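This briefing gathers geometric and contact features for a reader who works with computed models. Please keep the sequence and the coordinates at hand while reading.

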Amino acid sequence: MKQMETVQVRIQVNGTMHEVAIAPNRLLADFLREDLALTGTKIGCGQGICGCCTVLVDGAPAKACLMLAAQVDGCAVRTVEDLDRNGALTPVQQAFVECGAVQCGFCIPGMIMTAEALLDENPDPSETEIREALANNICRCTGYVKIVEAVAAAAKKR
Amino acid sequence: MITPKDVVGRSLPKIDAPAKVTGRAVYTADLAMPGMLHARFLRSPYAHARITSIDTSVAEAMPGVSAILTAFNSPGPLFTNSKWDATAMGRLPHKDQHLFDLKVRYAGEPVAIVAATSVAAAEAAAEAIMVEYEPLPVVTDPMEALASGAPLIHEERESNLAAVLPIHVGDVEAGFAEAEIILERKFQTSRQKQAQTEPYACAAAVDPDGLLTVWTPNQTPHPVRLKLAEMFDLPASKVRVVVPHIGGAFGGRGGLMAEPWVATLAMKTRRPVKLVFDRAEDFIGTEARHPITINIKVGARRDGTLTALHVQSYVNAGGYLTVSTNVTGVHGNNFLRLYHCENRWFDGTVVYTNAPVSGAYRGFGAPQALFALEQVLDELAEEVGLDPLELRQRLMLKAGEIDPWTGLPLVSYGLDKCIEVGAEAFGWKERHTRKAESTYPWRRGSGMALLIWVSGTACLGDGLMEGTAATVRFNIDGSVEMATGATDLGTGVLTTLRQIASAELGLPPEKIHVIAHDTQITPIDAGAHASRSLFNCGNAVRMAAADARRQVLEVAGGLLEASPEDLELSGGEVFVKGAPGRSLPLAHVTRVAYKKVTEVQGRANAPQANAPGFAAHFAEVEVNVETGELRILRYEAAHDVGRAINRRIVEGQLEGGIVQGLGYALCEHVHVDPETGTVQNASFMDYKVQTAADMPPINLHMIEVPDPNGPFGAKGAGEPGLIPVAGALANAIADAIGNRVRELPMTAERVLHAYNSIQGQGGEV
Amino acid sequence: MALPEFTYLRPGTLDEALSMAAAHSGDAKFLAGGQTLIPILSMRLARPAALIDLGRLAELEYIRIEDGELRIGALTRHRAVAENEEVRAACPLLTAAVSQIGHAHIRNRGTLGGSVAHADPSAEYPLAITVLGGRIEMASAEGRRSLPAGEFFLGPLFSALGPEELVTGVAIPLPDPRAGWSFREMVQRSGDFALVSVAVLLKLEDGLVQEVAIGVGGATSIPMRMAAAEAALVGRAPTVEVIREAAAAAAAEVDPTDDIHASAEYRRNIARVMVRDALLEAVGRVGA
């Protein structure tokens, strides 16, 4: 097997700059999970459908399984680990806890990143807007009832 | 003072929620251990083939490869994937598979497994293994598999007939002779996938002392431990199963899916090994809901009374048996249970095919039964000119009557209340007038379905055991630990169990530490299945807490010079009833106890009991008769949950169940190519799990009729949400379009076809 | 699964990108948003020797209205098009089409060039460009050319694009502002590829159909104009009866195939209903 040439990248992740040489076929999701041990970003399908790997790239939600790490060279990436401050939850996280929006939890980091991005852009979304935003992510446990409720509750608190 | 009413019924946040919303909760795929190897299966592209040779020499020489297992070096013992043989007695599934065999029986069956230093290296090596197959004829349909001349899937057997489950009561022939109306119908159900968002994963390690530890998102850790011990001829004490956070289970994660393969690699390499399935692998390599062909015949009198019920079901087991016989038993009993009929005959014919393996999924054979039974009841109602609800009310079991499945009287009964509340909220009586509100091309209809369910499988015959135990320990400082064998699939059962202990001990829940998910430190438990965990484990926890409290009060009695019966434990104090001045801090009592070297530890085994839960579902739909598209206008689901100890958690279970039921009814199906046996939609792109934007409004009504056998009256709520949905929706669709869809899922295309099949309808576009 | 190994190239200019492609003699793939290409690589459906990441080619990211044409660069993200007010005013059909691509996260990353080059017959861009009469602009080290959509899309996931050629953008003639339009999809689940999609652009003169373009996706191997259906309308008043006739003609013209999601027959039926509804909607929007 020939050795792939690595690519030198500068990626800011959760406020920390990483200047590293990475294999070009490294997915952003794997870079985060394996190289940086940020395992909060989950891989549910590897095809960009389930949204469990949703992170923010320069503030916009994107699916980390659909991007090469090399593609985010020069970008700022935020993952779920960057939300709470010493255990103090964001209003979105708090609302997910209080509304009972969390069951198995595997979709939750992606759901929360989607919800944070939605509320950053649209602080007072309608239920339809919430549902459309959350349609980027699949949850198999909750039927979405309490997740939608949590996002609406968080919008009121933010 | 803390009393049960301060805790029972409160929607406290789940214990695991903070870890999950911050991304700190560790799932199996997140595990990393020093020196850990990564595994990858090579799976068969053929659904039926003999393996004539496997050449691993190129793969073995590749960089980073540590071990490759195949049928030639690691056939493993004969086993069954089913968890039941570990914990149940009576009729057990027969063992019919090996880790690796020289024959493959479904497309996707493991042919080899590689351990290497990276995922990429393992994948590359798996691709480099050369396997020569001699393809055999493929049969994926149970009827064809039973026909003479069909390819024999398990050659040591005489035919592809895996098992027959008969349930025969009374004299059906006499019943049909007596009947004034006979309806005979055929239904076909689909292959629904649990589609947990977490793909399956497993890790294993062996320590130098010989302890095998397996990490797995498995809902039955204790049975898995016993099965692995048996397979590897190890004492159970040398097998430890640890359950990290589970990314969804829904019944599909009992038994063995990766554990013995990964454990074998760990034993062989003496290094930790982790295997993470990709999504396609999860679709083809783990079990799905059984497709069942149901032939149902009912005999009735003009007043609606059932004189005979005859059901012949053909159950597609796939390549291996696993839990198919158990599923078939539950399937059969769900035809013969809720509605009075003296002459009942069910034969469940379980058939091997080259389809992917079928197994346990939320509802365990019952959703299939209700899809058929509830539709036939509606047809009968129409035939005899009764309102479908009224017919059911005439036929259904009433409070105090004997449940024919368990043989026990219905000591708690909320079905009448479910019907009353659900029908009222739905406006069942006004449904006909609402039909006029739709305009072409939309047509409106309403339907309903009823459910009786279980809280566990105790008392269901076949020697099924619901063994579970719990311990509650007071530490020297008065702090409390509760250990339970329960597995939390994300359902929140550990949070609820803590509330039960809290209520019993008079301590705030946050003062009780929960120990779970590790067979080495938790008491035995049969596993999370059959809506049993809260009911069974809850009883054990409550009894263990009561036992621990009794011991505290005994010690305190000596110190306070009072009889233990006159003492009360609450809010971290022990005091004499009616004399608040005479009290001691709990920590003082536990310290004295420890000085006497008497750890205060309450233990309990749960009693063998069952508590059927009930439900009534009402659906109103609009069908576009030009496209077959469906809108659900209203959905009212009333559920008797006994007692909702944590209301929000119970709601979450029911809501999630109903939504999986909608998927089952309308759009979810694993397509298996009948020619090749391969799965055609092994992805979230092509397997349609619905999104938040696809959801109809769902109204839930919780009916609380406490059960005397349930902890604080609670009954199971894990499965009931899903089971009646397809039946209720099918009835609503039939009411809307004037014809029935008897095949799942009821896609727009099938609905349109049913509508257009009626003469004079359709074609007016 | 891990992605196959490849050489990663990141050109700074279009010319550089094209010579890289030429140097790999067709065994390189261009990477834009990656929303389609990355899963193709993950599933090992393609194993290119090299990936040419176009992320730095700012010159291909533009939306311009000039000389009666709407011109969009290949690297323009779906979201930028969907939210562009000038596009919405000048070509609302395109806005409607692009807004229905996948979900928001996909629209944040996916690009016009990626969608066009992939040539999925049920995708939004190919159908919209076909009905709007747009041209696909391409470039390679050999030079530049453009083709009308009807000559670009040749079959499912198959186009006139050469192995070393890159889609650089599209040029869409601005529709008459009084033209009526419709873009409709039938999906099984929010955000999915359409079972059937229909786009209509229609002009009336004195109450008669002067020009009409009807395109169907999903029920055809390429996004396809419905010539017979269009002919059934031109020069006639778009009454419900005439529209039904055109819809029936379209249903006879489509060429659907069976797959696990729907039978050919069902897709044909749906195409008829959707063409009828799209025509009714377009007529309702005329002059608005």
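Which side chain meets that of E134(B) in a salt bridge? The partner is R50(B), with an N to O distance of 3.9 Å, where a salt bridge is a side-chain nitrogen of Lys or Arg within 4 Å of a carboxyl oxygen of Asp or Glu. E134(B) belongs to strand β6 (residues 130–135) of chain B and R50(B) to strand β2 (residues 49–55) of chain B, so the pair ties together parts that are 84 residues apart in sequence. Helices (H or I, at least four residues) and strands (E, at least two) are DSSP runs, numbered from the N terminus.

This is a predicted model, in which local features need pLDDT of at least 70 and side-chain atom pairs count only at pLDDT 80 or more, while totals for chains, interfaces and linings use all residues. Residues are numbered from 1 along each chain as its sequence is written, chains are lettered from A and ligands numbered from 1 in the order in which they are written, and side-chain values use heavy atoms, with hydrogens and water left out.

**Salt bridges overall**

- Over all chains, the rule gives a count of 83 salt bridges.

**Interface of chain A and chain B**

- The contact, defined as heavy atoms within 4.5 Å, takes 43 residues from chain A and 51 residues from chain B.
- About 3600 Å² is buried between chain A and chain B, with 61% of it on carbon and sulfur atoms; buried area is the accessible area (1.4 Å probe) that two parts lose on being put together, summed over both.
- Q103(A), C104(A) and R140(A) supply 21% of the area that chain A buries against chain B, which is more than any other three residues.
- Six salt bridges are counted between chain A and chain B, and the side chains of R33(A) and D30(B) meet in a salt bridge at 2.8 Å, N to O.
- The rule also finds 25 residue pairs in polar contact across this interface, both residues being at pLDDT 80 or more; a polar contact is a pair of N or O atoms within 3.5 Å, and within protein one must be able to donate a hydrogen and the other to accept it, while residues adjacent in sequence count only if both atoms are side-chain atoms.
- On the side of chain A that touches chain B, the elements that give two or more residues are α2 (91–98), α3 (108–121), α4 (127–134) and α5 (145–157) of chain A, and the largest share, four residues, comes from α2(A).
- By class, that side of chain A has 24 nonpolar, ten polar and nine charged residues, with Ala, Val, Leu, Ile, Met, Phe, Trp, Tyr, Cys and Pro counted as nonpolar, Asp, Glu, Lys and Arg as charged, and the others, Gly among them, as polar.

**Interface of chain B and chain C**

- Here 27 residues of chain B are in contact with 21 residues of chain C, and the area buried between the two chains is about 2100 Å², of which carbon and sulfur atoms give 54%.
- Five salt bridges are counted between chain B and chain C, and R47(C) and E127(B) meet through their side chains in a salt bridge at 3.0 Å, N to O.
- Across the interface of chain B and chain C, 14 residue pairs are in polar contact, both residues at pLDDT 80 or more.
- On the side of chain B that touches chain C, α5 (119–128) and α21 (748–756) of chain B each supply at least two residues, and by class that side has nine nonpolar, seven polar and eleven charged residues.

**Backbone features of chain B**

- The peptide bond from Y440(B) to P441(B) is cis, with omega near 5 degrees, and P441(B) is found in the loop between α15 (431–435) and β18 (442–452) of chain B.
- The peptide bond from L744(B) to P745(B) is also cis, with omega near -10 degrees, and P745(B) is found in the loop between α20 (725–737) and α21 of chain B.
- Although A195(B) is not a glycine, this residue has a positive phi of about 50 degrees, and its place is in the loop between β8 (181–188) and β9 (201–206) of chain B.
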